[in-house]
Amino acid sequence: MLSFKYAFQGVATLFRETPNAVIHLILAISAILMGFLFSISTAEWLAVTVVIGLVLALEAVNTSIETLADLVSKERNATIKKVKDLAAAGVLLAAMAALAVGVLVFLPKIIELFQP
């Protein structure tokens, strides 16, 4: 049970200390609200849920890698820069996938609102 306590402490730390995680959370909540608004299908919910989880999970991993790397060395280090850049790239790629899912799921529904 302590592992759950520590995991929830990690979630709290993520959103308290990582501005990008808060941005991702706001976008996730927006997508969820839009899902309810547009009554998206089960398959669409699955896609939206998976990409939200992926982006938030990778943001947590990226933040943990950056925190550990900063502990190892505050000085400029080419290897640490590479590791941090790769971790950030993982978040970026997941966010781009989430954007693609959002466009595929919600754009047709938004366009339909403006059809006569």
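Reader: Hi! Where does serine 41 lie?

Author: Hello! In this predicted model, serine 41 lies in the loop between H2 and H3.

Reader: Let's zoom out. How many helices and strands does the protein have?

Author: There are four helices and zero strands. Reading from the N terminus, the elements run α-α-α-α.

Reader: Why is the protein said to be more spread out than a compact globule?

Author: Because its radius of gyration is 17 Å, and that is well over the 13 Å that the globule rule gives for 116 residues. Along its principal axes, the C-alpha trace spans about 60 × 35 × 20 Å.

Reader: What share of the residues count as buried?

Author: Of the 116 residues, 23% count as buried. As for contacts, take those with a separation of 6 or more: residues 24 or more positions apart account for 71% of them.

Reader: Tell me about H3. What is its reach from first C-alpha to last?

Author: H3 has 31 residues and reaches 45 Å, close to the 45 Å expected at 1.5 Å a residue. Its buried residues include Val48, Ile52, Val55, Leu56, Glu59 and Asn62.

Reader: What covers those buried residues?

Author: The cover over the buried residues of H3 includes helix H1 (2-17), H2 and H4.

Reader: You listed Asn62. What does asparagine 62 contact, leaving aside its neighbours within four places?

Author: Asparagine 62 is in contact with Lys84, Ala87, Ala88 and Val91. Asparagine 62 itself has a relative accessible area of 6%, so it counts as buried.

Reader: New topic: histidine 24. Which helix is it in?

Author: Histidine 24 has its place in helix H2. At 17% relative accessibility, histidine 24 counts as buried, because the cut-off for buried is under 20%.

Reader: What does histidine 24 touch, not counting residues up to four places away?

Author: Histidine 24 touches Val55, Leu56, Glu59, Val91 and Ala95. With glutamate 59 there is a polar contact between the two side chains, at 3.2 Å.

Reader: And how far is histidine 24 from leucine 104?

Author: C-alpha to C-alpha, histidine 24 and leucine 104 are 18 Å apart in space, and 80 residues apart in sequence.

Reader: I like ring pairs. How many aromatic pairs are there?

Author: A search of the whole structure turns up two aromatic pairs. Phenylalanine 36 and tryptophan 45 have ring centres 5.0 Å apart and planes at 55°, so that pair is tilted. Phenylalanine 36 counts as exposed at 58% relative accessibility, while tryptophan 45 counts as partly exposed at 22%.

Reader: Which residues make the other pair, 6.3 Å apart?

Author: Phenylalanine 38 and phenylalanine 106, with ring planes at 45°, so this pair is tilted. Phenylalanine 38 lies in the loop between H2 and H3, and phenylalanine 106 lies in helix H4, so the pair ties together parts that are 68 residues apart in sequence. Both of these phenylalanines are buried.

Reader: Where does H4 bend?

Author: H4 bends by about 35° at phenylalanine 106, and proline 108 follows within four residues. H4 has 36 residues and reaches 50 Å from its first C-alpha to its last, close to the 52 Å expected at 1.5 Å a residue.

Reader: Last one: which residue caps the N-terminal end of H4?

Author: Asparagine 77 does, with a side-chain oxygen 2.9 Å from the backbone nitrogen of threonine 79. Further along H4, the buried residues include Ala87, Val91 and Val105, and what covers the buried residues of H4 includes H2 and H3.

Notes: Residues numbered from 1 in each chain as written. Predicted model: local features only at pLDDT ≥ 70, side-chain atom pairs only at ≥ 80, totals over all residues. Heavy atoms only, no water. Buried < 20%, exposed > 50% of the residue type's maximum accessible area, 1.4 Å probe, protein only. Contact = heavy atoms within 4.5 Å. Phe/Tyr/Trp six-rings, centres within 6.5 Å; stacked < 30°, edge-to-face > 60°. Helix = DSSP H or I, 4+ residues; strand = E, 2+ residues; numbered from the N terminus. Expected span 1.5 Å × (residues − 1). Bend = angle between axes of the 7 residues up to and from the residue. Polar contact = N/O pair within 3.5 Å; in protein donor to acceptor, adjacent residues only side chain to side chain. Rg over C-alpha atoms; globule rule 2.2 N^0.38 Å.
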